[in-house]
Every structure is written in structure tokens, then in C-alpha cells.
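Please consult the sequence and the structure shown here alongside the text.

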Amino acid sequence: MAAVWELSRPEHQGRYDITVYQEGWRLGGKGASGRGPNGRIEEHGLHIWLGFYDNAFRMMRECYAELAAAGDDVFGDWRDAWETENDIALYSAAENGGWQRWDAHMPARAGFPGDPLAPGEVFSLTYYMARALDLFRTLVLDTQVDGVGAVPPGPAGTIAHLANLGAFAAAAALAEGLGVLATTLRAATAATSRGWIASAEALCGRLRAWLEDRFVADREHRFLWEVADLTLASIVGLIRYGVIFDPRGLDAIDDYECRDWLVMNGASLRSVQSPFLLGLYDLSMGYENGDPEKPRLSAGQGLRGTLRTFFGYRGAFMWRMRAGMGDVVFAPLYEAARRRGVKFEFFHRLTNVGLPPGGPLAAGERSRVRSLSFDVQARPRAGAPYEPLVQVSGRPCWPSVPGFDQLEDGDRLASEGWEFESHWDRRRVGEKTLRVGRDFDLVLLGVGIGALPYVCPEILARDERWRRMVSEVKTVASQAFQVWLTEDLCNLGWRGPAYITGAFAKPFDTWCDMAHVVPEEAWPTRPRTSVYFCAVLPDPPVAPGDDDADYPKRRAEEVRRNAEAFLQGPIRQIWPGAFRSDGSFRWELLADPEARGDPTEQAGPSRFASQYWRANVNPSDRHVLHAPGSFRARISPLDMTYDNMTIAGDWTDSGFHSGCVEGAVMSGLLAAHALCGSPMLEDIIAYDHP
Amino acid sequence: MTTPEKLVSRDDPPRGGPIRSGPPPVSQSVADAVRTGYQVVADNVRQGREAAQKFGQGNYNSSNVDKDVKVLTDRMLDLARDLTTTTLDVIERLLLETRSANAGLQAARILAAAGAAAAERPVTTSAAEAPPSSPLKAIALTVRFSGAGADKALDRASLLTRPAVPTEPSAISADPLVTSKEGGQPIGGVSFSACTSVDGVIATIEIPAGQGPGVYSGLVRAPGTVGPVGYLSIEVLG
């Protein structure tokens with residue numbers, strides 16, 4: 001949609017006649033959401049926008065402004081659509097069992113994501129390293145260390161606690177010494193760096209030793225120590241590996257696994273097992289085949305993402321959407337694009353991208369797309385275009401199920417349970433083939449990488465580079481569930497505001513209190529909150545066959561079992577008020593939108609059936625990883641192998657190789673540039689980034 | 001749609017991937033240019049002083065006078081041209097604008113590091129006087145020569161910054177390159193282009209046969225941008 005947004009700009013004066021062909025009934029792919037019973041929001045997972053998503057925010061700010069200027073104020077101001085979040089909670093396993101919580105608060109910063117960069121501002125590793133030293137100060141001044149029961153009672157205990165904090169501040173003073181080095185660093189060049197590098201590495205080593213001597217046995221300060229240790233390891237690694245002046249930037253270390261690389265540069269084993277790093281892996285879903293025992297992320301992109309996350313955010317560290325991502329992002333984009341003249345054809349599943357006759361493509365050989373083949377999954381009733389949005393609380397939203405009443409033979413399709421988004425449901429009502437020159441000139445292929453073998457088998461059969469990309473750019477399935485509660489989390493014993501929580505117990509290591517979205521729903525009796533959980537979903541040892549129609553249901557049932565067990569297990573530690581004195585979970589806390597079931601069983605586990613859960617196992621729904629070395633297999637939207645086609649998605653070589661909104665938007669901007677020369681590459685924020 | 005006989009193809013993008021090493025900071029580019037400029041000044045002044053010192057010490061051999069004075073005169077003319085026509089004026093202007101973007105501190109630091117050379121002609125305008133400006137961003141510039149005199153031309157110190165609005169390379173132009181030397185006709189055949197095999201913009205300067213030797217300079221302009229976006233300074237050898 002980012003590419004559609006660019007190509008449909010009024011500045012192009014209608015030069016491009018754009019039609020979007022979409023599988024199923026809604027836009028958004030992995031970011032799609034729907035409205036279910038009582039207008040409740042049903043997401044693919046937990047979506048948080050980070051404060052450095054400059055390109056994504058810029059697009060949405062333009063979209064909201066354009067709609068408002070056109071008199072369509074139903075979506076409101078973009079600042080009302082996103083809420084700031086500067087707090088995050090991380091967990092680590094306590095030595096005596098259970099979990100220990102660490103709260104981190106990141107300071108708000110000036111500006112908003114998507115603002116133009118400051119004059120003269122460029123992305124460089126020397127800049128980041130200088131800022132990394134500031135992080136030491138930030139951590140000390142702005143991080144609240146709040147280990148459970150950590151502060152001994154009484155004045156003496158409080159004084160001892162403060163003394164410890166003061167001692168850590170002394171460590172920061174040593175870091176300030178590195179600030180002098182940072183000043184030198186800003187003026188360093190490859191030619192002048194030799195002496196600087198040697199002294200910097202030595203000083204980092206001394207700082208680490210000092211910190212370790214002082215804090216390694218201090219459980220209360222463990223979190224601070226671990227973050228400091230990882231930061232120092234990163235600085236030393238960037239120096240030692242010559243990354244600072246390497247023309248490849250952080251790609252120079254992208255063949256290393258992130259944790260291995262940190263250990264090689266002096267990070268302690270306990271630091272690479274810290275909640276800080278585990279939280280980053282959890283948020284990135286960086287586990288091979290979804291196996292929590294196999295964390296696997298590349299060092300270069302891992303560091304790039306971390307640097308952007310901590311030093312590149314503006315306004316707030318994170319931004320939470322007011323409602324579902326479909327409602328806040330894709331509904332306004334759809335409305336604005338349609339106003340610009342973009343056409344949408346829903347219920348079209350791509351089955352092949354046709355090329356001219358020939359054999360395997362030789363290296364450097366070019367080809368072009370000759371045809372596009374689709375399965376038509378359903379047709380709108382004659383004379384009426386399909387209207388995909390529904391109104392919930394006065395706002396246009398995507399429904400969780402298609403508008404069967406708008407479809408030909410819709411009653412039958414509904415009763416037979418046609419699953420338009422399921423890879424394993426290949427039912428169709430017809431086929432359609434588009435021909436180049438007759439039906440289209442240029443193609444933008446914007447599907448998930450997991451779907452490529454099914455949407456362009458001809459290209460994969462003939463193009464070795466595409467086969468390599470599909471093979472080496474790994475993806476992982478995910479699982480998610482949402483609960484709506486009749487009591488707020490504070491009442492259930494959770495301390496603190498609505499933190500985003502990571503590094504928690506498996507299988508649902510990441511969760512967030514989403515009370516702020518409930519007012520956007522349409523409950524007769526509003527629940528007090530809703531809570532979203534998500535995590536990777538391990539793949540089975542043998543991949544399911546394409547004819548295994550029951551596979552999604554089996555995995556969804558597995559997620560349901562996981563969710564029920566989770567509520568009765570690890571949740572006890574953080575929501576003690578959700579349990580009775582006999583230790584059983586209070587199932588009646590779950591708000592049932594339809595008040596269904598036998599009233600006598602309302603207090604039992606069967607009430608979970610009223611909540612929402614899903615297994616994201618469709619090939620196109622799988623989350624994209626950045627495994628070591630895989631960056632070489634990614635293909636850029638700027639690639640010219642196909643004269644009249646480009647690609648877009650967070651799996652491409654977008655400059656930011658992470659499965660996230662920003663990577664997808666950057667890729668879309670590159671795709672637009674590939675098709676029409678606009679936007680300028682220099683205007684894609686952080687595309688030219690180490 | 002187009003006809004099958006005339007299918008639409010994409011244009012080659014200016015480059016195929018990100019610049020991971022990062023563009024050189026504007027301040028660095030400008031500072032390098034300033035340092036080069038001041039080095040030219042310093043060399044000339046130093047030689048002038050040396051000559052004056054020889055005169056003052058009274059050990060100057062009269063047989064050397066004509067030759068040395070001629071060299072000194074030529075260099076002072078070069079210096080005057082450099083100072084008054086394009087190079088340093090443009091560099092200085094860029095430096096001032098860059099200072100307003102808080103990047104000039106580094107330029108000033110490097111300038112200071114240039115030592116005595118910088119002291120010969122200090123920047124006289126304060127940062128407070130710098131006009132508000134859009135961010136300046138140096139663009140890689142490759143200077144090529146064509147024409148019968150191409151093999152006698154070389155690039156001395158050229159600079160191109162990013163125009164204020166998106167601009168096709170072919171829309172960029174240059175004033176005729178002029179020299180103060182007698183007989184040096186202005187060089188007007190300058191065109192700009194870009195291709196994927198070369199980073200940045202290419203300036204192609206046509207050197208006619210018989211072009212007089214000397215240093216030629218001219219400002220670069222772009223439509224929609226107020227003021228020059230850079231300069232070309234080349235030398236045609238005798």
C-alpha cells in the first residue's frame with residue numbers, strides 16, 4: 001500500500017491507472033485486523049509502532065491530513081490515532097523460581113516520527129557510538145530499577161539502596177570519560193582512526209571490568225549491568241571489526257549470529273541471556289522454526305534495529321494504535337487511495353506470474369511479465385461494487401468475516417465455510433488472466449514471501465536468485481490470543497500502567513494491556529480491559545501438505561490449548577487477583593460478547609471459547625526473520641531483472657531487513673521509485689544507513 | 001494500456017542499493033574544500049614572503065628577478081582569480097550556510113587545524129549572520145571531458161550540492177567557465193547526466209581544440225534552487 005500511496009500521488013496527475021488485486025476481503029496482510037462480535041477488535045497479533053518508523057508515520061500523517069482536507073474527518077487527527085508509550089516491562093527467571101520484573105522508562109523526545117530530519121543529520125556509526133555513551137547516562141538517570149522486593153525495609157535499607165544507585169552513577173561518570181572519546185570519534189576518519197580505535201577498545205575494556213567488579217554480584221543492579229555490558233560489547237565489536245568505516249556498514253557483520261557476535265566481543269553469557277536481549281528476540285520473533293531453544297538473528301540487522309530503536313525514536317519510544325491496525329492504518333489508506341482513483345478488486349488470489357517462453361534465466365539476463373493469473377474466489381452481486389468496510393462506533397472498519405451478503409451465492413459460501421484467507425482452501429468461482437499491454441503495463445508484486453512459491457511458480461522455476469531468496473529468507477509462524485476482562489489489571493494485582501511486556505514465560509512471551517482500545521469497540525456492557533498475547537508458533541517436524549485442509553484448524557486448536565494453559569499457569573505470577581483461593585482461574589472474568597453457553601459452566605474453562613485466538617500459519621502470514629547471512633539472498637525492489645515488475649514487502653532488500661511495518665513501507669517506497677522514479681532514494685529516511 | 005509492440009519498461013534506477021558507508025557529512029566536504037582553498041592561498045603567500053625575504057636579505061641575484069617575479073605574478077593572479085571569482089566565495093558561502101545547520105563546527109575545527117594557512121584569510125562572517133537555509137547535501141560529482149582538447153584538461157576542485165527540489169540531472173546547468181588568462185575563451189559546453197555505473201552526477205565538459213591554458217571556473221545552477229548549487233573548477237594545460 002505504500003507503493004500505491006506513492007504512485008497515486010496527485011503530483012503524478014493521474015499518470016498511473018492503479019488496480020489492487022487482493023486475496024479475500026481485506027487489506028493489510030499480516031497487519032490486517034477485523035471486527036468481531038460487539039465490534040471487538042481481532043488482530044493477527046500484537047502490533048506496536050516504534051518511534052523510529054519515520055517512513056511509515058510520514059505516510060500515515062499525509063494520509064490523515066489528506067482525508068481531513070477532503071472533509072472526511074471520521075478518522076480524526078493522526079495524533080489521536082496513536083498513543084505514546086515510553087514504558088516497557090521485561091522479565092527474567094528468578095533464582096528462587098517465578099519471575100522478576102524490570103521496568104524501563106525511556107524519556108520522551110522532541111518531535112514526531114515522520115518529521116523531516118534535522119538539517120545536516122546523517123546516519124553514521126560514529127554518531128551512534130557517541131550516542132551510545134549517552135545511553136549510559138540515560139540508563140542511570142531514567143531507568144527505574146524495580147526488582148520485586150529488592151529494597152530492604154527501613155531507613156537503613158533505603159540508604160543502602162540509594163548508595164548503590166549512587167555507585168552506579170559513579171560508573172556513569174566513567175562513561176562520561178568515554179564522552180571525550182566520543183567527541184574525538186565524531187571527527188574521526190578512516191585515516192585518523194588507528195590511534196583512536198586502540199585507546200577506545202582499551203577504555204571500554206576497563207569500563208567493563210570496573211562495572212563487572214562492582215555489580216556482577218549485585219542482583220538488584222543486574223539489569224543495568226547487563227545493558228551496559230551489551231552496549232560495551234557492541235562498541236568494542238564495531239571498533240574491532242572495523243565496521244565504522246566499512247563501506248558495507250553493518251552488513252559487514254551480518255553473517256554472525258547476534259548473540260555469538262556479542263560474546264565474541266566480550267559480552268558475558270549472562271548478558272546475552274538477559275531479559276533485555278531476550279525481549280529483543282521475542283519482539284523480533286527471532287527463533288528458527290519457531291523453536292524457543294534456537295534464537296537466531298543476524299548481528300548486523302540486529303544492531304541496526306537496536307540502534308534505530310533506541311537512538312532514532314522521536315516523540316515516544318513506542319506508539320500504540322487507538323484501535324486495530326486495519327482500522328487505524330488500512331481503512332484510511334483504502335479510503336484515501338480510493339478517492340485518488342485507485343481501484344480495488346477483492347477476492348482475487350494470484351496463482352502465477354507468466355513470463356515469455358524460455359528456459360532458466362542466465363545471470364544478468366532480463367525478462368518481463370507477460371501475464372497474471374488469478375483464482376477468483378467470489379464475485380460481488382451484479383451491479384454493486386464490493387464495499388469492504390463496516391461501521392463500528394461511527395468509524396469505518398474491516399470486518400473479521402467477509403460481507404457474504406454482497407457476494408453472488410453468498411449464503412451458500414457462508415454455510416459451506418469458505419475460508420478466503422486460508423492457504424489450504426483453494427475453492428474458487430472462476431479464473432482470470434490479465435495480459436501485458438492489454439490489461440496492464442507494470443506490476444508490483446506485494447505478497448508475503450511465504451506465498452511466493454504459490455503465486456509465481458514460473459519465476460521460481462526459472463530464476464535461481466528467486467529460489468535462493470525463498471530458501472534463505474526464513475519465516476516463522478506465530479500464535480496470538482486476546483482476552484476481554486471484566487476487571488482491570490490493577491484490580492487483578494498487576495502493578496503499574498499498561499506496559500508492553502516482553503521476555504515473559506513461553507509460549508506467550510510478549511503481551512500488552514490494551515484497555516485503551518476497548519472504547520473503540522461496541523459492547524453493550526464495556527469490559528474493563530482487553531489483553532493481547534503473541535509469540536512464535538513452532539513448526540511441525542514435517543511441513544503440512546497443500547492438501548492438508550485440516551491443518552489450520554489443528555494449529556488453532558493447539559493455540560487454544562496453549563492459551564488456556566497459560567492463563568492457568570504463568571499468569572498466576574503477574575495477575576494473582578485472577579485466581580481463587582483454591583488456586584483455580586476465575587474464568588468468569590472473561591467477557592463473553594454473546595453470553596453463550598450453559599450458565600452453570602460460565603465459571604469454567606469452556607468460557608475461553610468466547611475469546612479470540614489464532615494460529616498464523618498461512619504462508620503469507622508468517623513473520624520474516626533476518627537470519628545470519630540471509631541479507632545476501634534478499635532482492636531489492638530496485639532490481640531490474642523484470643523490466644515491468646518490481647516487488648514490495650518486508651522480505652525484500654529494503655535497507656532495513658526486519659519483519660516490521662517500517663521495513664515494508666521502505667520497500668514500498670523503493671518499489672514506487674523503481675516504477676516511476678519517485679520518491680528520490682535520498683528521501684526515504686534511513687535507506688542510506690550503515 | 002500500451003500496445004504489445006510498445007511495452008512499458010522500467011527505467012534503470014540511479015543505484016541498486018543503499019549507501020551503507022553514509023554520505024560524507026556536508027561539513028566534511030565543505031571543510032575539505034575550504035582547506036584546499038586556503039592551501040592554495042597559503043602556498044602563494046608563502047612563496048611571496050620567501051621572495052620578499054630574499055629581497056630583504058640583499059642576497060638576491062639579479063639574474064633571478066625576472067623569472068621569480070614572473071612566477072610570483074602569475075601565482076598572485078591565480079590567487080586573485082581564486083579569491084574573487086568563484087572558488088573561495090562559493091566555498092565560504094557554503095560554509096556559512098552549513099554552520100547554520102550546526103555542522104560547520106566540524107568544518108571550523110578542521111579549518112583551525114589547517115593552522116597558518118587558515119590564518120591568512122579568516123572567515124569574517126559570524127554564524128549569526130548565516131541565512132536560514134535548507135539542508136545542504138553534497139552529491140558525488142564526477143567530472144569528465146570530451147572534445148578535441150579533453151586530454152589536456154583536469155578537474156581541480158569541483159563541488160555539487162543537492163538542489164532544493166527534485167531535479168533531473170539533465171536540468172542542471174553551469175555558467176560558462178571563465179579564466180582570467182588572456183586568450184582563454186569561455187568554455188560553455190557543459191552537460192550533466194547520471195548513470196548506474198557511476199555514483200552521483202556526471203558533469204561532462206567539452207574542451208575545444210586549441211583551448212587556451214589556464215584555470216577555468218563557473219557556477220553550477222539548478223532550476224528551482226535560488227543561488228548556485230556548486231561550482232566547477234578545471235585546469236587546461238598548455
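Four bridges connect S5(A) with strand S8 (residues 318–321) of chain A, and the two run antiparallel. Strands (E, at least two residues) and helices (H or I, at least four residues) are DSSP runs, numbered from the N terminus; two strands pair if DSSP finds at least two bridges between them. Across this pairing, Thr84(A) is opposite Trp319(A) of S8(A). The model is predicted: local features need pLDDT of at least 70 and side-chain atom pairs count only at pLDDT 80 or more, whereas totals for chains, interfaces and linings use all residues. Residues are numbered from 1 along each chain as its sequence is written, while chains are lettered from A and ligands numbered from 1 in the order in which they are written.

The open sheet has three strands in the order S4-S8-S5 (chain A), with antiparallel pairing. S4 and S5 of chain A each have a single partner strand, so one side of each lacks a neighbour in the sheet.

| Edge strand (chain A) | Residues |
|---|---|
| S4 | 49–50 |
| S5 | 82–85 |

Met318(A) belongs to strand S8 of chain A. Met318(A) counts as buried because it has 22 C-beta neighbours inside 10 Å; the cut-offs are 20 or more other C-beta atoms within 10 Å for buried, 12 or fewer for exposed, and partly exposed in between, with C-beta atoms placed from the backbone.

Helix H12 (residues 325–339) of chain A has 15 residues, of which twelve are buried. Among these are Phe330(A), Leu333(A) and Tyr334(A). After H12(A) comes Gly341(A), with a positive phi near 105 degrees.

Key:
The expected span of a helix is 1.5 Å times one less than its number of residues.
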